[in-house]
Structures are given as structure tokens and as C-alpha cells.
Amino acid sequence: GEPREHRQKNQRSHGVSSGCIPLGCTEIGCNGSYELTFEADVWEEGEVELSVAFDGVDALRCTFAVPSDDGEDCGVSGVTFVDGAMLVAVPTPMDERIAEADIELMVDGVVLFSDVVEPLWSDPFWPNGRRCDRDSGCLSAEDTFRL
């Protein structure tokens, strides 16, 4: 009867799931970022020049006017002003653990900040999983500077 047919259907469905299906890797790229925050009591009106070099190689160099209500385009990075702070996110290439960042910020030719800093990088993010990315993930760091 009935129980026998039911058992045969179950046996067939269990027999199908033998073996492993190999999983391929996606090839999703990513950029990390070095997020810089410059805090000032007041941003005087003028022309800002910002430059960032990673390990001696220019990563960002741009000029824009302040004050800015809408933010500014700084090449591959956006600049925004929030509560008196200027925020800049500088993209970093995949698997780049930069040792030093040389940062200079000027307004109307007057240097407000100039220093070489060592970013503290986060643990890597692997967009395709650690096995697929072969340990080359994306790193992020952030620093705040009081002017």
C-alpha cells in the first residue's frame, strides 16, 4: 500500500543529493578609504588646497573654495562640511597597506595643516571571500585633525 510508495519516493529524492558542487569565485573589486576629518572653529572664506600622498605617491591633489554648502568634488574623492568639520574620503587601492600619508591643507596659501602620519588600518574586507581574494582585501582607516 501507501506507506511503501511513500518510502520509495523518499528514497529517490535522497539519492539525488550525493556529491559536492564546486563554488566558483566572483571577481568583485573594492576600494578601501582613508577618511580624513579636519576640525576648525571657523572656516574662513578662501581657496583650499589639499594634497595627500601615500608612501611618496600623490593620491589626491585639489583646489576648491570655502565655505561650501553642497560639498566639493575633489577628483576621485568628495569633500563635505558637517558641523564645522571638513570630511574627505581618499580611496585606497585593493590590498594597499599604506605606511605613511603626507597630508597638507592650505587656505589662500597659508598652511593650516602639514604632517606625515601613519594610518591605523582596519582588518581587511574581502568582497569575494578570503579564499577567493587570496588575502588581498580592502583596508580602511580614519584620522581627525584639529586645526
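What is the mean pLDDT of the protein, and what percentage of its residues reach 70 or more? The mean pLDDT (the predictor's confidence in each residue, from 0 to 100) is 80, and 78% of the residues reach 70 or more. The structure is a predicted model, in which local features need pLDDT of at least 70 and side-chain atom pairs count only at pLDDT 80 or more, while totals for chains, interfaces and linings use all residues. Residues are numbered from 1 along each chain as its sequence is written, and side-chain values use heavy atoms, with hydrogens and water left out. Confidence is not even along the chain: pLDDT stays under 50 over residues 2–17. For that stretch the model has zero contacts beyond four places in sequence, a contact being heavy atoms within 4.5 Å.

The protein has two helices and nine strands. These elements are DSSP runs numbered from the N terminus, with helices (H or I) of at least four residues and strands (E) of at least two. Along the sequence they follow the pattern α-β-β-β-β-β-β-β-β-α-β. Among contacts between residues at least 6 apart in sequence, 59% join residues at least 24 apart. Buried residues make up 33% of the 147 residues. Here buried means under 20% relative accessible area, exposed means over 50%, and partly exposed lies in between (1.4 Å probe, protein chains only).

The largest nonpolar core holds 29 residues. Such a core is a set of buried Ala, Val, Leu, Ile, Met, Phe, Trp, Tyr and Cys residues joined through side-chain atoms within 4.5 Å. Y34, L36, F38 and I103 touch the most other members. Strands β1, β2, β3 (57–66), β6, β7 (101–107), β8 (110–117) and β9 each supply at least two residues of this core. Beyond four places in sequence, F38 touches W43, L50, G84, A85, M86, I103, L105, F113, F145 and L147.

T37 is found in strand β1. Its relative accessible area is 15%, so T37 is buried. Not counting residues up to four places away, T37 touches A85, M86, L87, D143, T144 and F145.

V90 lies in strand β6 (residues 85–92). At 1% relative accessibility, V90 is buried. Leaving aside residues up to four places away, the contacts of V90 are G32, S33, Y34, L36, V52, F54, A59, L60 and S77. The C-alpha atoms of V90 and G78 are separated by 8.2 Å, and the two residues are 12 apart along the chain.

A search of the whole structure finds six aromatic pairs. Rings of Phe, Tyr and Trp (its six-membered ring) pair if their centres lie within 6.5 Å; planes under 30 degrees apart count as stacked, over 60 as edge-to-face and the rest as tilted. Y34 and F54 form a tilted pair, 6.1 Å centre to centre with 55 degrees between the planes. The pair links distant parts of the chain, with Y34 in strand β1 and F54 in strand β2 (residues 46–54), 20 residues apart. Y34 is buried at 0% relative accessibility, and F54 is buried at 8%. Ring pairs link Y34, F54 and W121 into a cluster.

One disulfide is found in the whole structure. The term covers a pair of cysteine sulfur atoms within 2.5 Å. C25 is joined to C132, with an S to S distance of 2.0 Å. C25 sits in the loop between α1 (2–16) and β1 (32–39), and C132 in helix α2 (residues 130–133), 107 residues apart. The torsion about the S-S bond is about -75 degrees, so the disulfide is left-handed. C25 is partly exposed at 40% relative accessibility, whereas C132 is buried at 15%.

The search also finds two salt bridges, each a side-chain nitrogen of Lys or Arg within 4 Å of a carboxyl oxygen of Asp or Glu. One joins the side chains of R146 and D41 (2.3 Å, N to O). R146 lies in strand β9 (residues 140–146) and D41 in the loop between β1 and β2, so this bridge ties together parts 105 residues apart in sequence. R146 is partly exposed, with a relative accessible area of 49%; D41 is exposed at 70%. D58 forms a salt bridge with R61, their closest N and O atoms being 3.4 Å apart. R61 is exposed at 58% relative accessibility.
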